[in-house]
Amino acid sequence: MSTRGFHRRRATADHGRLPPGQYLEGGFPVLSAGPTPRTPLSEWTFSITGEVDGERSWTWEEFQALPRETPTVDIHCVTSWSKFDTTWEGVSVDTLLEDVEPLGGYVTAFCDGGYTTNLPVEDVTGGKAWVVFGYDGEPLEPEHGGPARLLVPHLYFWKSAKWVRGLRFMEYDEPGFWETLGYHDRGDPWLEQRYQGD
Amino acid sequence: MSSATRATDWRFATVAAIAPETPRAATLTLDVPGWRGHRAGQHLDVRLTADDGYRAQRSYSIASAPEDEKPQITVQELEDGEVSPWFVQVAREGDRFEVRGPFGGWFVWDAAQTEPLFLVAGGSGIVPLMSMLRHRRNQGSAVPVRLLLSVREPDDVFYARELETIGAEVVITYTRRPPAGWDGYARRVDRDMLQEVALLGGRAYVCGPTTFVESVADLLIELGQAPADIRTERFGGG
Amino acid sequence: MDHLDGNAAAGELSEVFTREATAARATCAGCGTSGPVAEAMVYEAGMGTVLRCPACEAVLLRLAHLGDEVVMEMRGVRVIRWRSGPG
């Protein structure tokens, strides 16, 4: 039974762009599973490790020197909010894998603070994923994942791991922080893959 | 509704009365079927459901004393809030929403406790402490008690009139706009202020926004209060 | 995003524990520190509730509502203890 006069903060928009069960959010909710890490840029590195033919690592300066892109994408959180046309700046994962051959079919993104999330390799390649350090024309704020986060907009936003420090390639799929609790290993919002077994 | 309803079960509460507390806060008195009372310091969970099935859930401390027949909550309207504006601007007598509780076994005070009491509130953090003060008054407890309340400006003081006669020493500090002619504290709580005001050695309860609570708790420890004698409750937004 | 404390998780914890959980004392499996659950750091992440040890920030417990299930994981708690008597 509904509460008289209560409605959600933003009205639901009936766009063809909204995956099932989502609504359009005006703000940008800050939701975290732990304290905001504060890694100094002088200590920050990004690594490609694990089942690859050659591990790679970049310092912040080296990372900033890589070719960058400015994707504009819709994002979808499993808690049902979506945002359209978010603008980011960063390096395509394809660029990071240019001289690297993945030998495993899965990847785990690992982050400052211990967060991890798992993805199939094909979901981070072919122009589908970036490591971003800018949002909306500004440096990415710590509460939103800065200095850098993963961006995989075609999957639920928990796969876009905040404070990312690298990608570890694996032969097997290793469920990450939310996946071990029961969230989906892949997380396609168009198929409503919210929980294991969906 | 079964009288054996557990605290953990959601049930419908009806607004029995609603009154403004300050320009931006309201106190609601609730009819909760099967209500079996609460301990001073406990809180309720509330749940509102929109027509499209969207649900929002929050926790609110119980302001009323355990001796009162019906529980009361005081809700501060938060800028950009989703739930608090409903309570403060929309809710009226007869409205129904879901509640569960009361909850809380740590941040509670009973009049059987005999140690001196030092209460520190940041803004709306005064709500659970007011339940404690009302309980102490109702029980005729003579336990020494002092309340330090930090608010931005006079309009942010809940229960202003009642605090004058609640039987506690009340010290207020205004962090943004003190009243005209004010000669009391007019800054954020700091070590010097606590050194002058704190009632140490008994039990301290600190409630308010997270950074406020942690800053005050750290300072009390610096001043010699045993960490085990400090109870804290952190409030968030929403 | 500022964290809350264990008091904020009291309602959710009451869905899985029959005894009032915030007054229970939990021992962190990471650093061995013990303390009342009320003093744990609580992160309401939207996807679930995460309780962390206030001493070392390790995850103590996670709780989520997934569809029609409630799921809890508490590897991060070595021991949790309650006073005997009425729950």
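Tutor: In chain B, 16 residues of domain 1 are in contact with 12 residues of domain 2, where contact means that the C-beta atoms of two residues, placed from the backbone, lie within 7 Å. Strand 1 (11-22) and strand 5 (72-76) of chain B are the elements that give two or more residues to the domain 1 side of this contact. Helices (H or I, at least four residues) and strands (E, at least two) are DSSP runs, numbered from the N terminus. By class, that side of domain 1 divides into 7 nonpolar, 7 polar and 2 charged residues. Here Ala, Val, Leu, Ile, Met, Phe, Trp, Tyr, Cys and Pro count as nonpolar, Asp, Glu, Lys and Arg as charged, and the others, Gly among them, as polar.

A word on what you are looking at: this is a predicted model, in which local features need pLDDT of at least 70, side-chain atom pairs count only at pLDDT 80 or more, and totals for chains, interfaces and linings use all residues. Residues are numbered from 1 along each chain as its sequence is written, while chains are lettered from A and ligands numbered from 1 in the order in which they are written.

Back to the two domains. Domain 1 of chain B covers 11-103 and domain 2 covers 117-235, with bounds that come from an automatic or database domain assignment. Taken over C-alpha atoms, their centres are 23 Å apart.

What lies between them? For a view from one residue, pick B:Leu119: leaving out residues up to four places away in sequence, B:Leu119 touches B:Leu129, B:Met132, B:Val145, B:Leu147 and B:Tyr205.

Now step back to chain B as a whole. Chain B has 5 helices and 11 strands, and 44% of its 238 residues count as buried. Of the contacts in chain B with a separation of 6 or more, 69% are between residues 24 or more positions apart. Its radius of gyration is 18 Å, which agrees with the value near 18 Å that a compact globule of 238 residues would have; this radius is taken over C-alpha atoms, and the globule rule is 2.2 Å times the number of residues to the power 0.38. Along the principal axes, the C-alpha atoms of chain B fill a box of roughly 50 × 40 × 30 Å.

Chain B also meets its neighbours. The contact with chain A takes 9 residues from chain A and 11 residues from chain B; the chain A side has 1 nonpolar, 5 polar and 3 charged residues. The contact with chain C takes 16 residues from chain C and 17 residues from chain B. On the chain C side, strand 1 (4-5) and helix 1 (10-13) each supply at least two residues, and the classes there are 6 nonpolar, 5 polar and 5 charged.

Chain C itself has 1 helix and 8 strands, in the order β-α-β-β-β-β-β-β-β from the N terminus on. Its radius of gyration is 12 Å, close to the 12 Å that the globule rule gives for 87 residues, so chain C is as compact as a globular protein of that length. Buried residues make up 48% of the 87 residues in chain C.

One cysteine of chain C is worth a click. C:Cys56 sits in the loop between strand 5 (49-52) and strand 6 (59-66) of chain C. C:Cys56 counts as partly exposed because it has 13 C-beta neighbours inside 10 Å. The C-alpha atoms of C:Cys56 and C:Cys28 are separated by 8.7 Å, although the two are 28 residues apart along the chain. Leaving out residues up to four places away in sequence, C:Cys56 touches C:Cys28, C:Gly30, C:Cys31 and C:Thr33.

Methods: Buried ≥ 20, exposed ≤ 12 C-beta atoms within 10 Å, placed from the backbone.
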